[in-house]
Structures are given as structure tokens and as C-alpha cells.
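This report goes through one protein model, part by part. Look at the sequence and the structure below before reading on.

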Amino acid sequence: MRAHKIATATMLVLAISGWGVVGSGAAYADNGPTHEGKPKAADNAYGKAKAADRGRPAHGRVKARAEGGSATGAGLFQQNIAQSSRQNNNCNNPNPEEEGEVSLTNSRVRGRCVTADGSLNAFSRIQNGPAIAQGGSAATTVVQQTIAQRGRQNNNCQNPNNASITLDDGRVEGLCTDQDHSFNKQTLVKNGGAHAKGGDSGTENTLEQQNIAQVGRQNNNCNNPNDDSDITLMGGGRVDGRCKNKDGSFNHKTLTKGRGARAHGGSATGDAADVNSQNIAQEGRQNNNCNNPNNESDITLDSGGRVAGRCGNKDHSLNHKTLTKGGGARSRGGNAVVEVNQQNTAQEGRQNNNCNNQNNDSDIDLDDGGGRVKGRCKNKDHSFNHKSLFKGRGAHAEGGSQTSDEAVDLDHQNIAQEGRQNNNCNNPNDGSDITLMGGGRVDGRCKNKDGSFNHKTVIKGGGARAKGGNGTVEVDGDNIAQEGRQNNNCQNAHDSNIDLDEGRVESRCGNKDHSFSKHTHVKGGGARAEGGNATADVSQQNIAQEGRQNNNCNNQNEDSDINPGEGEGGRVDGRCWNKDASFSKHTHIKGGGARVEGGNGTGEGVEVDQQNVAQEGRQNNNCNNPNEQGDIEVVDGGRLASRCWNKDASFSKHTHIKGGGARVEGGNATVDMAQMNTAQEGRQNNNCNHLNDFDEETIDVSEGGRLAGHCENKDHSFNHRTSVKGGGARTHGGNTTGTAIDFSQQNTAQEGRQNNTCNNPNQNADIDVTDGQAEMRCRNKDASFNHKATVKGGGASAEGGNATADLIQQNIAQEGRQNNTCANINGAPEEVALVVDGGQAKIHCQNKDASFNHKAFLKGGGARAEGGNTTGGDAFQQNIAQEGRQNLACGNLNHSEVTLTQGDRYKVNCKQVDHSTNIHTKDVGGGAKATGGGATADLFQQNIAQEGRQNTACGNTNNLTLTLTGGSRSTTPCTSADHSTNIATEYR
């Protein structure tokens, strides 16, 4: 809280109006009054600045409006900017609370904003809705920037708000560029407008806020630190922030209709409650919101360290007779009785980037040897779209609320994106620090590349919804909703530290689309992720994605630390890639929707640490997301590699696919909860390499050791006149009602052609590799031929058991052609599961389908796995249900320990190969069901139900301790090969 004896006001009022051919309107800036004597400066500045539009009064024709807030008890430091023209720049305008907040010694600060319009517009009409930015109010000090921009090209860049820049032999460079060389003929653009509304603070504390609304073809909001997010560079350090939009698209006889972007900040209602928020709403073809740290997220560099944040959109797409109708992006922040530290972003457009925005004490500290932090987001569109319809239902992200007056905070990132290509990346939240010493490196990249061909296609989105849970104490959450062709949500650490000493952390997410789609119809059922509630702290990530290609990867939650270091350059490598080169003609796809509902903590003082992920699309990756104390330490050159791949080169003609929907419902607990709930619906799904509820030093790879977790789907199948109807995959987590116990659960439901859920250790499943190698791989390869084939799934269902003591459980349901659930360690005894000392441990699962199917009918009866209950002891349980052609459940250790030393070897190898020929066949499954038993004491159980052509369940140890020394070896090979020929046969 800042005390001020005399109220002061420092304000900048700017109104600009242009005479553009289209889109010209009035600009309006309104500064709120100050009270308690109204200093003269405030009296002179207060008023309404209006600009005429074509000789008419501005009243009633306002197109850009910036309304400042009020300060009733102390200083008002405010910038209210309204701009309405073709090209608008608002750059290099610091707004400090005190003078002298920029200090340079042999240094350089350079900020550039460039708008270049070389577009050709003939017989076109643009109807832009208004840009409205409304500031919040406070009873004490207000330090606020309220910006409204409406035009073709808008830049709001390099405007620190109450943030210091101190350089001694350092350099800060910010560049914002809009370049438009597009061709637009007989086009109609009707935007719904952008509305950014700030929240209000409590009765005693301050309001430090940035509220930005932008409507136009190209929008940049970049390099604007807020609220003591200081930049300190010593000894040649460098901070480089760049945002660039380049539009070379061809648009002829196109209609684009937006519903508008809305970002509303939350409020703080308590007496001692600050509001430190960034509320951003952008609507246009290309939008960047990047490099904007919030609330004491400092950047400190020494000895030549470098921080580089870059966002780029490049559009060379060809659009002829296309209709794009957006549903609107909505982002609404939660409310709190205490301090609110929040970033609320809504973006609607073809290409959207929200990247490199640290929130609430997420510091970057580089020292001694030139460490480097690099974050890049890039969208590149070369797609061809002819007589196509895209209709979105809108992306909605809503933060949870905090209701107690205890001295804790509400730290939220609520992001809603709707467009062809969306990136939300490299945004650490709530104390997720990055500390690099001795040349360490953090490299985070998100990339979307679209070279697809779409002719007479219809895509109707069901809408992506992400809603955060509520808590009565501390609420820390990331709520992300994305709807588009290509979506990346990656490298977003939440309450998690990354500490490097000459080591390297590399995270990459990429979508590449070269698909061919003609006369196709896609209707999404919508992806929904809803967080659970708690009576104490809530640390949550709720992700909903709907699109062709979706990545949710490398997002640590709640103390999931990564520390590759101790002098020798350890490395952590996490990659997620989707590559689509499929051919689809006269196809119809109707999604059932992916739904995830998080569990609740109902006991007194119960904490909830949860990740809830719902994905609907052709290719989905949910990978490398540690949850709740999943520490990773890679030292002395050791390497941890986690990779997820989807590659689709399938041929589909006259095919009909109807998904039954994937549903996951998390369990409830009366104690602290660590839970991961995942629902995926699509052709190819990966849910891999997640650590849940680990203690300190969970994975330790040292002295050249290596730990690799790979999940891969590869589809080269041929599908002609086929019909696939899914029965839906359902997973219900178990509940616990006891006291002073553990609750750690992973619930997964997958529906698609190819499904992997692998390498997901749960609850204290430590892995220690020294001078050795641990490798877990899951792979599906589909080269099958399907002609006039019908597949009707009965649905896969996994229901967890209940307990009154410890509940350590994994519940997995999979429905598709090829299913893998492998190398999932659950509930290790004495916090040790797999130890490799100079030896080797490998778990491999592989499905290969090269079958020939002509006029084949397949009807599944459904696979059901139901866990047992215990009323007087602990429950360590794995419940797996699989329905498909090929099913593997291998290498799943349940409350088991494997120890290898002195060059020993442990290997589980499961492989299924299908080269069968099936002509005029009929398969009607009766269903598979596994029901666990109950107990009044401890319960150690694995319940597996499989229905399909080929089923393998191998190497699944249950409550077993395996120790190998002195050259011992354990090998478990399981192989299934089908070369059968089946003509006019029937199986029941």
C-alpha cells in the first residue's frame, strides 16, 4: 500500500480520429475524477475529449472509447488513449508512479512501432464494432493504462506501467510491426468489437492495471510490463521483444463476421486488497499479445545474459467464396476478497498469439555466464480455402473465485482464443521462476503451419469452454479455451521453478497441416474442462481445445520443479508434434464432444491440485505435464526426453465418423487431492509422460543416464465408404471419505482410431537412472485397407473404486482401432518404483495394423473395468478398459518395485501385428468386463477388460518387489501376429 499525503494526478489524454475510406469513427477519451480536494492538475485534465467524424458530432458515433477510473483517496496516474484510424500507434509511453524510473548508464533502450499498409481493397466493406476500454477504480492510488484502438493496423507497445528499467551496459529493444500486402476484392468484414474492462480494488489498497481493446486487421499489444515488473540489466545483458504481423493473403468474395472479443478483469472486495491485472481483448485477422509481465515479474540479467521473446503471424492464405463466422472469444477473471493478480486475454481472428507473459512473481534471473531464455510463437498460413464455411461457437475462459478474507491471493491466467491458428505459450504463473547460472538455457517454441487445401468444406465448432474452480483460501489457476484448426497450449508453468546451471530445458510444440479436404463436413461437439472446488487452496490447470490439431504440453503445475544442472549441462527435452497430410473427400465427422469435470475437495482445509484436459480434434497431444511436486533433476549430462507424435497420411473417401464423446469425471475427496483428468476424442490421441503427486527428487537422471518416454501414432490407412460410430469412452474417478490420507488419481478416457496413454507415474513413483537407460515407448501404426466397412463401438468404461484410507488409482478407458496403455507406474512402495544403476530398463508397446477389410461389419459389446472398494485400508488400483482391433496393456507396475544394478536388464516388450484379410465378415462382440473385489483392509488390484481382434496384457506387476543384481536379467516378451484369411465368416 502506498501512502500519499496529498492526492496527485498525472494523466495523458489523447484523441485521434481519421478520415479512412472505411471504418472511420470518432475517438473518445474520458478521465475519471480525483477527490479529496481535486488538485489543480486533475481539474485541468478532467473532461471529455471528442473528435468529429465527417463533420458530425462525436456523440452517438463513438468507435473508440477509453474511460479512465477514479481515485478517491490518493494519487491518480493514468493514461487513457482512444484511437480510430486506419493505422494507430501508441508506443514508448511510460506511466510511472514516481519520476526517474528509467535509468541508463552506457546503455540503450530502443522501441519501434511500424505500420505499413500496401493492401489492395476493391469493392470491399468493413464494419468494425467499437473498441471500448474501461478502467477500474480504487479508494487509494490508481496507476492505470486504458487503451482503445480501432483501425486496420494497431500497435500498443513498449508502455511500462509503474515498472522500472535500469540498465548499466545493457540493452532493451522492442519492435512492433504490422505489414499488410493483402488483396481484398468484394469482401465484407463485420467485426463485433473489442471490449476490455478492468476490475476494481478494495477500500484501502491500490489499483495497477492495463486494459487494452483492439479491433482491426492486425493488432499488437507487446512489451508492456505492469506493476513493478522491473527490467534490470548489468554487464551487457539484453532483452529483445518483437511482435510482427505480415498479411499477404488473397481474399475474394469472402465474408468474415466476428462476435467480438471480451476481456473482463476480476475485482477485489476486501479492505487490504490490491488489483494487479492485464485485461486484453483483440479482434482481427492477426493478433499478438506478448512479452507483457505482470505484478513483480522481474527480468534481471547480468554478464551478458539474454531474454528473447518473439511473436509472429504470417498469412499468405487464399480465400475464395468463404464464410467465416466467429462465436466470440470471452475471458472473465475471477473475484477475490484479497489481492488479485490476473491476466485475462480474449482473442478472435485467423492467427492469435498470447505468449511470454509472466504473471505474479514469475521472475527471470540470468547471471554469471550469459544464460539465455528464448520464447517464440509463430503462426504461418498458406492454406487454400474455396467455397468453405467456418462457424465457431466461441472460446470461453472463466476464472474461479476466492471467498475468504485470509491473507492469500488470487493468481489467474484466463485465456480464450478463437481462430485458425492459436498459440498460448511460455506464460509462467504465480511464482514460476526461471533462474539460469553459468550459461544455462531455456528454449520454448510454439509453431503452427497450415498449408491445407479445403474445397467446399463446412466446419462448425462446438465451442471450447474452460472454467476454473473456486476456493475459500488461495486460488491459483490457468484456464485455457482454444477453438481453431491448430491450437498450442505449451510451456506454461504454474507455481513451478526451473533452475539451470549450464543445463538446458527445451520445449517445442508444433502443428503442421498439409491435408486435402474436399466436400467434407466437420461438426464439433465442443470441448469442456471444468475445474473442481476446494475449501482451501486450489492449484489448477483447466484446458479445453477444439480443432484439427491440438497440443497441451510441458505445463508444470504446483511445485513441479525442473533442475537440470550442477555444472555439467543436463538436458530436459519435451516435444509435441502433429503432422496432417491426410486426404479426405466426401467425409462427414461429427464429434460427441470431450468433457472433463474435476473433482472437489470437501473437507475442512482441503487442497486441490488438479489438471483437467478436454481435447476434440483429428490429432490431440496431452503430454509432459507434471502435477503437484513432480520434481525432475537431470545432472552431469543426463538427459530426459519426452516426445509425443501424431502423423496422419490416411486416405478417407465417403466416410462417416460419429464420436460418442469422451467423458471424464474426477473423484472427490475429504483430504488433499492430486488428480489428473483427461478426455480426448479424435483420430489420434496421446496422453503421455505425466508425473502426478510426487515427492522431492522424483526423477533423477545423472552421470550420462537417459530417460526417454515416446508416444507415437502413425496413420497410413485407406478408408472408402466406411462408417465408424463410437460408443464413447467414460471414466469415473473413485472417491475417498476418510481423514489424514492420500488421494492421487489419474482418470483418462480416449476415443479415436489410435490411442496412447503411457508413461504416467502416479503417487511417489520415483525413477532413478545412474549410468543407465530407462526407455518407455508406445507406438501405433495403421496401414490398414477398409472398404465398405462398418464399425460400431460399444463404448469403453472405467470406474474407480472408493476408499476410506489412501486411494492411489489409475482409471483408463480407450475405444478405437489401436489402443496402448503401458508403462504406467502406480503407488510405489517406500517411494521407489524403478531404479537403474548402470543397467537398462525398457518397456515397449507397439501395434501395427496392415489388415485388409472389405464389406466387414464390426460391433463391439463394450469393455468395462470396475474397481473394488475398501472400507478399512489403503487402495492401490489400476482399472483398464479397452475396445478396438488391437489392445495392449503392458508394463504397468502397481505398488511394485524394480531395482537393477551392475549392468542388469529389465525389459517388457509387447507387440501386435495384424496382416489379416477379412471379406464379408461379421464380428459381434459380447463385451469384456472386469470387476474388482472389495476389502476391509489394504487392496492391491489390477482390473483389465479388453475386447478386440488382438489383446495383450503382459508385464503388469501387482504388489511385487523385483531386485536384479550381478548380471541378472528379466525379459517379458509378448507377441501377437495375425495373418489369417477370413471370408464370409461370422464371430459372436
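## Salt bridges

Arginine 575 and glutamate 506 meet through their side chains in a salt bridge, 2.9 Å from N to O. A salt bridge here is a side-chain nitrogen of Lys or Arg within 4 Å of a carboxyl oxygen of Asp or Glu. Arginine 575 sits in strand S56 (residues 571–580) and glutamate 506 in strand S50 (residues 504–513), so the pair links distant parts of the chain, 69 residues apart. Strands (E, at least two residues) are DSSP runs, numbered from the N terminus. Both arginine 575 and glutamate 506 are buried, where buried means under 20% relative accessible area with a 1.4 Å probe and protein chains only.

The model is predicted: local features need pLDDT of at least 70 and side-chain atom pairs count only at pLDDT 80 or more, while totals for chains, interfaces and linings use all residues. Residues are numbered from 1 along each chain as its sequence is written, and side-chain values use heavy atoms, with hydrogens and water left out.

## More charged pairs

Side chains of opposite charge can pair when their charged atoms come close. The count of salt bridges is 28. One of them joins arginine 753 to aspartate 715, with the closest N and O atoms 2.8 Å apart. Arginine 753 lies in the loop between strand S74 (743–751) and strand S75 (754–758), and aspartate 715 lies in strand S70, so this pair ties together parts that are 38 residues apart in sequence. Arginine 753 and aspartate 715 are buried.

Another salt bridge joins aspartate 849 and arginine 885, at 2.9 Å from N to O. Aspartate 849 is in strand S84 (residues 840–849), and arginine 885 is in the loop between strand S88 (875–883) and S89; the pair therefore ties together parts 36 residues apart in sequence. A network of salt bridges links Arg112, Arg171, Glu173, Arg238, Asp240, Arg242, Arg306 and Arg310.

## Disulfides

A disulfide is a covalent bond between the sulfur atoms of two cysteines. Here a disulfide is counted when a pair of cysteine sulfur atoms lies within 2.5 Å. The structure holds 14 disulfides. One is formed by cysteine 91 and cysteine 113, with sulfur atoms 1.8 Å apart. The torsion about their S-S bond is about -105°, so this disulfide is left-handed. Cysteine 91 is in strand S6 (residues 87–91) and cysteine 113 in strand S8 (residues 108–117), 22 residues apart.

Cysteine 425 is joined to cysteine 446 by a disulfide, S to S 2.0 Å. This link is left-handed, with -105° about the S-S bond. Cysteine 425 lies in strand S41 (residues 421–425) and cysteine 446 in strand S43 (residues 441–450), so the pair ties together parts 21 residues apart in sequence. Both cysteine 425 and cysteine 446 are buried.

## A buried glycine

Where is glycine 705? Its place is in the loop between strand S69 (699–702) and strand S70 (706–715). Glycine 705 counts as buried because its relative accessibility is 1%. Leaving aside neighbours within four places in sequence, glycine 705 is in contact (heavy atoms within 4.5 Å) with Gly638, Arg639, Val769, Asp771 and Gly772. Glycine 705 and aspartate 771 are 66 residues apart in sequence and 4.6 Å apart in space, C-alpha to C-alpha.

Methods
Helix = DSSP H or I, 4+ residues; strand = E, 2+ residues; numbered from the N terminus. Buried < 20%, exposed > 50% of the residue type's maximum accessible area, 1.4 Å probe, protein only.
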